[in-house]
Amino acid sequence: METGGGMRKNPTLICAPIMADSIDKMVIQMAKAKASTADLVEIRLDSLKSFNPSEDLKLLIQQCPLPTLFTYRPVWEGGQYDGDEKERLDVLRLAMELGADYIDVELKVADDFIKSINGKKPEKTKVIVSSHNYQNTPSVLELGNLVARIQSTGADIVKIATTALEITDVARIFQIMVHTQVPIIGIVMGERGLISRILCGKFGGYLTFGTLEAGVVSAPGQPTIEDLLNLYNFRQLGPDTKVYGIIGKPVGHSKSPILYNQAFKSAGFNGVYVHLLVDDVAKFLQTYSSTDFAGFSCTIPHKEAAVKCCDEVDPIAKSIGAVNCIIRSQNDGKLFGYNTDYVGAISAIEDGLRARYDINSSAGSPLAGKLFVVIGAGGAGKALAYGAKQKGARVVIANRTYERARELADIIGGDALSLADLAHFHPEEGMILANTTSIGMQPNIDETPVPKDALKYYSLVFDAIYTPKITRLLREAEESGATIVSGLEMFIGQAYEQYERFTGLPAPKEQFRKTMSKY
């Protein structure tokens, strides 16, 4: 079966939930679903304001350009229907008689419902028996028992939706999916469950849900069809696809999946790169321990904790005390930690200085002898301080808590300040400033770590944040006459090395720049 991105590598269907309050709107959404190349639609009858079953069902089935799945979700299972139970089930039976391809029935009523249609079910209609848990994700044993319980009703397809309290919960659903012999839909709701909706294409899920537009979801955490197909290359995922991702908290803002997935696709590399909202990095790496999970980028706040999780750490990363790239050996599953942060940031800052002073690149580092102020003493702060020191700069660390600044300054051999004192710190002109904190990152774009009138003492200001591309700090620095370097430069620079470590292929530098120029 051909799709936008070539041959399909998995049979997992993409289902568009149709949530509208009128039949007319539903018909419009069905056409949109067809245009989006979804495989089927889920018609959520409980979202309708007024509903005449015998006429409306006929119309919906006739008008729908795709296979139909009818769901009439009651309030007690997280839906909107609050009427008579017998009437609700009569509607599902009628949908079946009128030619629905699938109907969804909740486990609580499935035994009686399936008995009632015994011998009357059309050949083409498949019954999905569903169980929704909005509290948590049970143990593997409990999930296994739940699958068996659903199978015992006579279901054609098992559907289990649970809730992720942490990302490691999703591993249990993957385990169940891989070991279940009947068709199964396994979804973990919430932002921490997002990978369940993408990687089900790899682990053999029957279908996944993708929305027609961002934000209009029928359950928490659903991606758009557009993202499934064009960001995650969903149709190209297969059992042997390697999984990569960005480990962070927060992580939804990261552009890394756009960057890597486009590059993977262009190079024909069989990998997928996902957002990983992780609370505990050690637990995450222990849970997803198979070589299928082949490599990770690591961002705030896990860069320092990740060092302890690796079996081996590159000497530079060890001296920085932070890891932003983890590779899992395909031979023995060992974890190797690297730091590619400082290379990207320092070379971007050097390029900025060379352009400002028209210095030849063969003339050694323009950072040599400069006073280099780093705001923040976390993983990225350590990397920049280390990199600047290596290039011969004199380093000063400024941090909200002076003690942490002092600690880092002692390690690398520099001075320390509290962030409050930085506003009045100007021992000389032409200093360099590098912000490595999240002050000024979306959504707090009106914040800045340094008052504007202090910025005139700096010749160059760098901000590691790249959402937004121009932070308040950078805007005010430029107005004060400084050269500015955006976090985008550091982001692209550190990504080159990670891509090469992930794939063994040369980084597509031009493509990376082109991809990021849109943001």
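Author: Gladly. In this chain, residues 24 or more positions apart account for 68% of the contacts with a separation of 6 or more, a contact being heavy atoms within 4.5 Å. This is a predicted model, where local features need pLDDT of at least 70 and side-chain atom pairs count only at pLDDT 80 or more, while totals for chains, interfaces and linings use all residues. Residues are numbered from 1 along each chain as its sequence is written, and side-chain values use heavy atoms, with hydrogens and water left out.

Reader: What makes up the chain in terms of helices and strands?

Author: The chain has 19 helices and 22 strands. Both are DSSP runs numbered from the N terminus, helices being H or I with at least four residues and strands E with at least two. The C-alpha atoms fill a box of roughly 85 × 50 × 40 Å, taken along the principal axes.

Reader: Why does Tyr496 count as buried, and why does Asp358 count as exposed?

Author: Buried means under 20% relative accessible area, exposed over 50%, and partly exposed in between, with a 1.4 Å probe and protein chains only. Tyr496 has 15% relative accessibility, so Tyr496 counts as buried. Asp358 has 71%, so Asp358 counts as exposed. Across the chain, buried residues make up 58% of the 519 residues.

Reader: Why is strand 12 described as largely enclosed by the rest of the structure?

Author: Seven of the seven residues of strand 12 (residues 271–277) are buried, so the strand is largely enclosed. Both faces are covered: Gly271, Tyr273, His275 and Leu277 are buried on one side, and Val272, Val274 and Leu276 on the other.

Reader: How do you know that strand 11 and strand 12 pair?

Author: Two strands pair if DSSP finds at least two bridges between them. Strand 11 (residues 242–248) and strand 12 have seven bridges, in the parallel sense. Ile246 stands opposite His275 in strand 12. The chain crosses from strand 11 through helix 9 (residues 256–267) to strand 12, and this β-α-β crossover is right-handed. That label applies if, with the strands pointing away from the viewer, the path from the first strand over the helix to the second runs clockwise.

Reader: What makes the pair of Tyr496 and Phe512 stacked?

Author: Rings of Phe, Tyr and Trp (its six-membered ring) pair if their centres lie within 6.5 Å; planes under 30 degrees apart count as stacked, over 60 as edge-to-face and the rest as tilted. The structure holds 21 such aromatic pairs. Take Tyr342 and Tyr386 as a contrast: this pair is edge-to-face, with 5.9 Å centre to centre and 90° between the planes. Tyr342 lies in helix 13 (residues 341–357) and Tyr386 in helix 14 (residues 379–390), 44 residues apart. Tyr342 and Tyr386 are both buried. For Tyr496 and Phe512, the centres are 6.0 Å apart and the planes at 15°, so that pair is stacked. Tyr496 lies in helix 18 (residues 487–503) and Phe512 in helix 19 (residues 509–516), so the pair ties together parts 16 residues apart in sequence. Phe512, at 0% relative accessibility, counts as buried. Ring pairs link Tyr496 and Phe512 into a cluster whose members also include Tyr244, Tyr260 and Tyr273.

Reader: How do you know that the charged end of Arg501 sits over the ring of Tyr338?

Author: The rule asks for NZ of Lys or CZ of Arg within 6 Å of the ring centre and within 35 degrees of the ring normal. The charged end of Arg501 sits over the ring of Tyr338, 3.6 Å from its centre. Another case is Lys202, whose charged end sits over the ring of Phe203, 5.5 Å from its centre.

Reader: Why are the buried residues of helix 15 said to line one face?

Author: In helix 15 (residues 402–412), Ala405, Leu408, Ala409 and Ile412 are buried. Seen down the axis, the buried residues fall within an arc of 100°, so they line one face of the helix. That arc is taken from the directions from the helix axis to the C-beta atoms. The face turned away from the buried side carries the exposed residues Glu403, Glu407, Asp410 and Ile411. What covers the buried residues includes helix 14, strand 18 (394–399) and strand 19 (415–418).
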